[in-house]
Amino acid sequence: MKKSIAATAMAMTVLFSAVTVSAADNNRSDLTLFVPNDPVYTITVPETVALSATENTQVPITASDVKYIPEGKKISVTLEKGNGTFGRLYLVGTNEETGKKYLMTLGVKGTDGEFKSGALEKQIKGMELAAFTQDGSMNYELRPAALDYPDSTNDNLVIQKGVHYTGYLTYGIELADIQ
């Protein structure tokens with residue numbers, strides 16, 4: 001029992017000697033607490049886009065009121081989905097005189113600078129259209145497939161006169177890592 005008390009007394013002496021402070025030493029700890037503000041931003045996309053039948057169409061996306069974006073992050077605007085199937089974006093229309101239906105595939109060019117139409121390795125679903133770390137505007141581009149096949153005889157690769165084509169896409173907006 002005496003050995004146990006002696007060992008405990010020695011351990012306490014070592015413990016208390018480690019926290020002994022002289023008047024010349026710094027005897028204070030500075031404490032801090034910081035919780036960053038939540039990111040704030042407004043992304044504006046056009047409600048309607050009138051596509052050109054003869055050239056690429058520039059579609060503007062604007063970021064405003066951008067504040068408190070964390071270091072290493074960006075506001076990423078992506079193509080979430082459209083009216084096409086199998087990852088494609090289509091315009092569809094019907095000739096009112098004949099009742100014949102038409103379908104036009106659209107190509108999309110986002111931040112990677114390459115036109116994609118949604119097939120397999122050229123997937124457009126989820127592709128980034130614009131990215132921001134501060135206020136600004138960026139354009140992505142839409143292009144009817146017909147512009148890639150000017151001499152085609154395929155009805156769906158030629159923009160048909162008198163046919164009103166329609167389609168839609170929805171955007172994904174989130175904070176993403178800068179890569």
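A pocket here is an open set of grid points, on a 1 Å grid over the protein atoms alone, with protein on both sides within 12 Å along at least five of seven lines. The views below show a predicted model.

**View 1. The largest pocket and its lining.** The largest pocket holds about 490 Å³ of space. Its lining is made of 26 residues, and those nearest the centre are V49, A50, L51, L91 and G167. Strand 4 (90-94), strand 5 (101-109), strand 8 (136-144) and strand 9 (169-177) are the elements that give two or more residues to this lining. Strand 8 supplies the largest share, 3 residues. By residue class, the lining of the largest pocket holds 19 nonpolar, 6 polar and 1 charged.

**View 2. The second largest pocket.** The volume of the second largest pocket is about 180 Å³. It is lined by 13 residues, of which T105, S117, A145, D148 and Y149 are the closest to its centre. Two or more lining residues come from each of strand 5, strand 6 (115-116) and strand 8. Strand 5 gives the most to this lining, with 3 residues. The lining of the second largest pocket divides into 6 nonpolar, 3 polar and 4 charged residues.

**View 3. The pairing of strand 3 with strand 9.** Strand 3 (residues 73-82) and strand 9 run antiparallel and are joined by 9 bridges. Within this pairing, I75 stands opposite L175 of strand 9.

**View 4. D65 in strand 2.** D65 is part of strand 2 (residues 57-67). Although D65 is not a glycine, its phi is positive, at about 55 degrees. The relative accessibility of D65 is 47%, so this residue counts as partly exposed; the class lies between buried, under 20%, and exposed, over 50%.

View 5. Y68 is found in the loop between strand 2 and strand 3. Y68 is not a glycine, yet has a positive phi of about 65 degrees. Y68 counts as partly exposed because its relative accessibility is 43%.

Key
Residues numbered from 1 in each chain as written. Predicted model: local features only at pLDDT ≥ 70, side-chain atom pairs only at ≥ 80, totals over all residues. Heavy atoms only, no water. 1 Å grid on protein atoms, 1.4 Å probe; cavity = no way out; pocket = protein on both sides within 12 Å on 5 of 7 lines; lining within 4 Å. Points joined across faces, edges and corners; volume = space filled by probe spheres on them. Helix = DSSP H or I, 4+ residues; strand = E, 2+ residues; numbered from the N terminus. Nonpolar A, V, L, I, M, F, W, Y, C, P; charged D, E, K, R; others polar. Pairing = 2+ DSSP bridges. Buried < 20%, exposed > 50% of the residue type's maximum accessible area, 1.4 Å probe, protein only.
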